[in-house]
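Thanks for coming, everyone. Let's take a look at how the inside of this one is packed.

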Amino acid sequence: YSYVTQAGLWRTGTLQIHQDIVRDSPWPGAPETWAPLGFRTIPGDPGAIASVYPPGLPLLMALFQAVAGYCGAFLVVPLASALTVWLTYLLGRRLFDAPRTGLVAAALVAVSPVFLYQIMNAMSDVPVTAAWTLALVLVVSDRPWLSGLAIGAAIMIRPNLAPLAGVFVAWVALTHWRSLFRLAAGSALGLCAVL
């Protein structure tokens, strides 16, 4: 609910929802009781709520809604799941120079019960997996700036996973240390957007 609602809010240009029902609720703490999961009241305006979820997935959903209408938001997760499977194949093929390894890895992801469960929910788990997998494919393909952009997108979707960027820094430092600046520059865009 919060991701799709926030996507709609991004499209309208305001990130607040004003709830008139709060004024008519006589009990203590009424504003908090009317705030759904993923929303909090805004200090100084008890009748208004705002989403506390990170902006990455809602912005993707808003983009898809702009193209395909309201239901476009629900295309993001299935498309991200297909992208994750395909990128897993590319990663396995790139790392081990063996198409069979990539195919087995992609098949394992595609039949994972957790993955199959998550592709049915309009939540951030699968899109962030696609973003991190894209970042991995790009970093092992010696494309640090593009990998950094994918890292930034992943951070915008799930900021709590930002420490994973350290793995990429270590990889680039060990393989092509001169590319560290390009990786950092790409990552900085998403990090700054979240901040």
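Leu 57 is in contact (heavy atoms within 4.5 Å) with Tyr 3, Val 76, Met 123, Ser 124, Pro 127 and Ile 157, leaving aside its neighbours within four places in sequence. Do keep in mind that this is a predicted model, where local features need pLDDT of at least 70, side-chain atom pairs count only at pLDDT 80 or more, and totals for chains, interfaces and linings use all residues. Residues are numbered from 1 along each chain as its sequence is written, and side-chain values use heavy atoms, with hydrogens and water left out.

Now, the core. By a nonpolar core I mean buried Ala, Val, Leu, Ile, Met, Phe, Trp, Tyr and Cys residues joined through side-chain atoms within 4.5 Å, and buried means under 20% relative accessible area with a 1.4 Å probe, protein chains only. The largest such core has 27 residues, and Leu 57, Met 61, Trp 132, Ile 151 and Phe 168 touch the most other members. Helices here are DSSP runs of H or I, at least four residues, numbered from the N terminus. Those supplying at least two residues each include H1 (2–12), H3 (56–68) and H7 (125–140). H7 gives the largest share, eight residues. There is also a second, separate core of five residues, with Val 77, Ala 80, Phe 115 and Ala 130 among them.

So what about Ser 147, buried or exposed? Ser 147 sits in helix H8 and counts as buried because its relative accessibility is 0%. Beyond residues up to four places away in sequence, Ser 147 touches Ala 135, Leu 138, Val 139, Phe 168 and Leu 183.

How values were computed
Buried < 20%, exposed > 50% of the residue type's maximum accessible area, 1.4 Å probe, protein only.
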